[in-house]
Amino acid sequence: QVQLVESGGGLVQAGGSLRLSCAASGSIFSINAMGWYRQAPGKQRELVARITSGGSTNYAYSVKGRFTISRDNAKNTVYLQMNSLKPEDTAVYYCNADVVPTTARRGDYWGQGTQVTVSS
């Protein structure tokens, strides 16, 4: 069984910063790409940032230059540093990982989501 647990969401004023963390645990052989997605009310879930096991990154255009994704492979953890936050960044943020478990087939796993609210 593989679990992703997010932390670090909350309420912040526009222009502020937050750092999200997501730790993967369980019967893990390896993790390929990890990423962060978000879903605002009434909108579809969208990719925010993604990082491969080798450290290559890509970002949504709307967050480039403000958000930074990183990972600690030894801890099976991915981070999202969010700076210069805007009200339009308000959403539930979900962690995602492409995991190869030790006793199951490779699969796509999701965290439970963490709320980020940016006030104007």
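**Notes on a predicted model: sheet, hairpin and salt bridges**

1. With a relative accessibility of 40%, Ser84 counts as partly exposed, a label used here for anything between buried, which means under 20% relative accessible area, and exposed, which means over 50% (1.4 Å probe, protein chains only). Ser84 is found in the loop between E8 and E9, where strands (E, at least two residues) and helices (H or I, at least four) are DSSP runs numbered from the N terminus. Although Ser84 is not a glycine, its phi is positive, at about 50°. As background, most residues other than glycine have a negative phi.

2. Before going further, please note that this is a predicted model, in which local features need pLDDT of at least 70 and side-chain atom pairs count only at pLDDT 80 or more, whereas totals for chains, interfaces and linings use all residues. Residues are numbered from 1 along each chain as its sequence is written, and side-chain values use heavy atoms, with hydrogens and water left out.

3. The sheet to look at is an open one of four strands in the order E1-E3-E8-E7, with antiparallel pairing; two strands are taken to pair if DSSP finds at least two bridges between them. E1 (2-7) and E7 (67-72) stand at the edges, and because each has a single partner strand, one side of each is left without a neighbour in the sheet. Neighbouring strands of this sheet are turned by 15° against each other on average, direction ignored, the axes being lines fitted to C-alpha atoms (for helices over the stretch in contact) and angles running from 0 to 180 degrees between N-to-C directions.

4. One face of E7 is covered, with Phe67, Ile69 and Arg71, while Thr68, Ser70 and Asp72 make up the uncovered face. In a regular strand the side chains alternate between the two faces of the sheet.

5. The hairpin of E7 and E8 has four residues between the strands, and in it Asn76 takes a positive phi near 50°. Asn76 lies in the loop between E7 and E8 and is partly exposed, with a relative accessible area of 24%.

6. A salt bridge is counted where a side-chain nitrogen of Lys or Arg lies within 4 Å of a carboxyl oxygen of Asp or Glu, and by this rule there are four salt bridges. In one of them the side chains of Arg38 and Glu46 meet at 2.7 Å, N to O; Arg38 is buried, with a relative accessible area of 6%, whereas Glu46 is partly exposed at 36% relative accessibility.

7. Arg66 and Asp89 form another salt bridge, with their closest N and O atoms 2.8 Å apart. Arg66 lies in the loop between E6 (57-59) and E7, and Asp89 in the loop between E8 and E9 (91-101), so the pair ties together parts that are 23 residues apart in sequence. Both Arg66 and Asp89 are buried. Together with Arg38 and Glu46, Arg66 and Asp89 are linked in a network of salt bridges.

8. A salt bridge also joins the side chains of Arg106 and Asp98 (2.5 Å, N to O).
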